Amino acid sequence: MNAPAQVAATAACDYTQPAVHPDLGSEVCVHLHPEGVPLFIEPISERLKTDFTAFKAWFVGHEQALEKLLHQFAALRLRGFPVNGSEDFAQMMAHYPSADMGYTGGGTPRAALAGKVFEATRFPKNIRLPLHQEMSYLKHWPLKVGFYCHQPSEVGGATDIGLISRLESLLEPSFLERIRRHGLIYKRNFRDKYVESDDQLHPDLVSLHRPWQEAFFTEVRAEAQAACEKMGLEWRWLDDGSLETRYRSSGFVNHPVLGTRHMFNQANTMNTIDSGVNSINWPAYTKRYTNRPKPTECTFGDDTPMTHDEVMMYRQAGHKATVIVPWQKGEVMLIDNILVLHGRSPYEGERNIQVQLFGSGSHG
């Protein structure tokens, strides 16, 4: 695949083999992963392989075509382009509208790197992060998520993805109907770092149970309260200094462009269970949270808790829907946050994946 002559060009193509796409020009080719997601886009011309300025101009110039492909294929994987660092990642995406909510109230710790670029979720390497839709447990959430691989891990560490249509087809219809009928309630607890510091928690629980000072980017209670109210969260302070929030969601949303209605929630990740290999340190979790507020919990909208079997069914369906593509250095992936879920494979060694959030959707 070193020259245009080696790439088939056809408008009516299923892209199972590398081909030039008529809307993207002759300098790139596309091909679809055998499991239907993602759609890979790779450079043919030398200038798009080596010249970041040329690549950025091509990327910005084909924004509408790429947007159509994103809605059609749900996830785009740009491989082989000259993206070399956080600044490049920020610059190439600078024309995309920011997600208004930022990462205030986000579920896991992550640091800002450059402009709108954040580090990926900080979570123990040995744990598999189940498929989920970014910030779907909040009133406002990003429409798109961009990922950049600065350094792939030695083993594992893929940003797993899966089509929401595939997941919905694997879940029990009665479970989906209960969510449609009742919606969901997310209950979260944020510890006070001055009452319970990281050193006082088991290391495997630090990322799971965030301090409110970190989650809401403030040391002032009144500012944390104001942030909760702006985000549509009910809140209250507990005697141990922790902040408890509650948010009711329909659990489904309409796609703003396609008009299709899809499940949109994190009921699987917000309910912590012992799901076997590569799951949370269950002995440490039960020791810490038996008879104490849990970091996260998701119930049906009538306040009925989800059973272990229901959460396990959700996670097993997610596992079946998962597509794992190892990262290559310099790759960028853009996903539609409604049509595709994402997670993370366990890994060994160092890993540096970076994230940007784009556009703003709302549960209403």
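Helices are DSSP runs of H or I with at least four residues, strands are DSSP runs of E with at least two, and both are numbered from the N terminus. The views below show a predicted model.

**View 1. Lining of the largest pocket.** The largest pocket has a volume of about 900 Å³. It is lined by 44 residues, and those closest to its centre are Arg128, Leu129, Pro130, His132 and Thr269. Two or more lining residues come from each of strand S8 (129–132), strand S10 (144–151), helix H9 (267–270), helix H11 (308–321), strand S20 (340–344) and strand S22 (352–358). H11 gives the largest share of the lining, five residues. Sorted by class, the lining holds 18 nonpolar, 19 polar and seven charged residues.

**View 2. Helix H2 and the elements that cover its buried side.** Helix H2 spans residues 52–61, and its buried residues are Phe52, Ala54, Phe55, Trp58 and Phe59. These residues line one face of the helix, because they fall within an arc of 160 degrees when seen down the axis of H2. The cover over the buried residues of H2 includes strand S3 (28–32), strand S4 (39–43), helix H1 (46–50), helix H3 (63–73), strand S5 (75–78) and helix H4 (86–92). Thr53, Ala57 and Gly61 are exposed on the face of H2 turned away from the buried side.

View 3. The peptide bond from Val37 to Pro38 is cis, and its omega is near 5 degrees. Pro38 sits in the loop between S3 and S4. Ala74 is part of another loop, the one between H3 and S5. Ala74 is not a glycine, yet its phi is positive, at about 80 degrees. Ala74 has a relative accessible area of 3%; residues under 20% count as buried, so Ala74 is buried.

View 4. In helix H8 (residues 221–230), the buried residues are Ala224, Gln225, Ala227 and Cys228. Down the axis of H8 these residues fall within an arc of 160 degrees, so they line one face of the helix. Among the elements that cover them are helix H7 (212–215), strand S14 (234–237) and strand S15 (243–249). Glu229 and Lys230 are exposed on the other side of H8. Ala222 also belongs to H8; its relative accessibility is 49%, so it counts as partly exposed. The C-alpha atom of Ala222 is 51 Å from that of Pro43, a residue 179 places away along the chain. After H8 comes Gly232, with a positive phi near 80 degrees.

**View 5. Asn189 and its surroundings.** Asn189 is a residue of strand S13 (residues 184–190). With a relative accessibility of 4%, Asn189 counts as buried. Its side chain makes a polar contact of 3.0 Å with the side chain of Ser242. Beyond neighbours within four places in sequence, Asn189 is in contact with His209, Arg210, Leu238, Ser242, Leu243, Glu244, Pro293, Lys294 and Pro295.

View 6. Ala284, Tyr285, Arg288 and Tyr289 are the buried residues named in H10. Around the axis they cover an arc of only 100 degrees, so they lie on the same side of H10. Pro283 and Lys287 are exposed on the other side of H10. Asn281 caps the N-terminal end of H10, where a side-chain oxygen of Asn281 lies 3.1 Å from the backbone nitrogen of Ala284. Arg288 lies in this helix, which spans residues 282–289, and Arg288 counts as buried at 10% relative accessibility. The side chains of Arg288 and Glu196 are joined by a polar contact of 2.6 Å. Not counting residues up to four places away in sequence, Arg288 touches Glu196, Leu201, Leu205 and His209.

View 7. Asn291 is located in the loop between H10 and strand S18 (296–300). Its phi is positive, near 65 degrees, in a residue other than glycine. With a relative accessible area of 79%, Asn291 is exposed.

Key
Residues are numbered from 1 along each chain as its sequence is written. This is a predicted model: local features need pLDDT of at least 70, side-chain atom pairs count only at pLDDT 80 or more; totals for chains, interfaces and linings use all residues. Side-chain values use heavy atoms; hydrogens and water are left out. Buried means under 20% relative accessible area, exposed over 50%, partly exposed in between (1.4 Å probe, protein chains only). The arc is that of the directions from the helix axis to the C-beta atoms. Contact means heavy atoms within 4.5 Å. A polar contact is a pair of N or O atoms within 3.5 Å; within protein, one must be able to donate a hydrogen and the other to accept it, and residues adjacent in sequence count only if both atoms are side-chain atoms. On a 1 Å grid over the protein atoms alone, a cavity is a set of points where a 1.4 Å probe fits but cannot get out, and a pocket is an open set with protein on both sides within 12 Å along at least five of seven lines; lining residues have an atom within 4 Å of a point. Grid points are joined across faces, edges and corners, and a volume is the space filled by probe spheres set on the points. Ala, Val, Leu, Ile, Met, Phe, Trp, Tyr, Cys and Pro count as nonpolar, Asp, Glu, Lys and Arg as charged, and the others, Gly among them, as polar.
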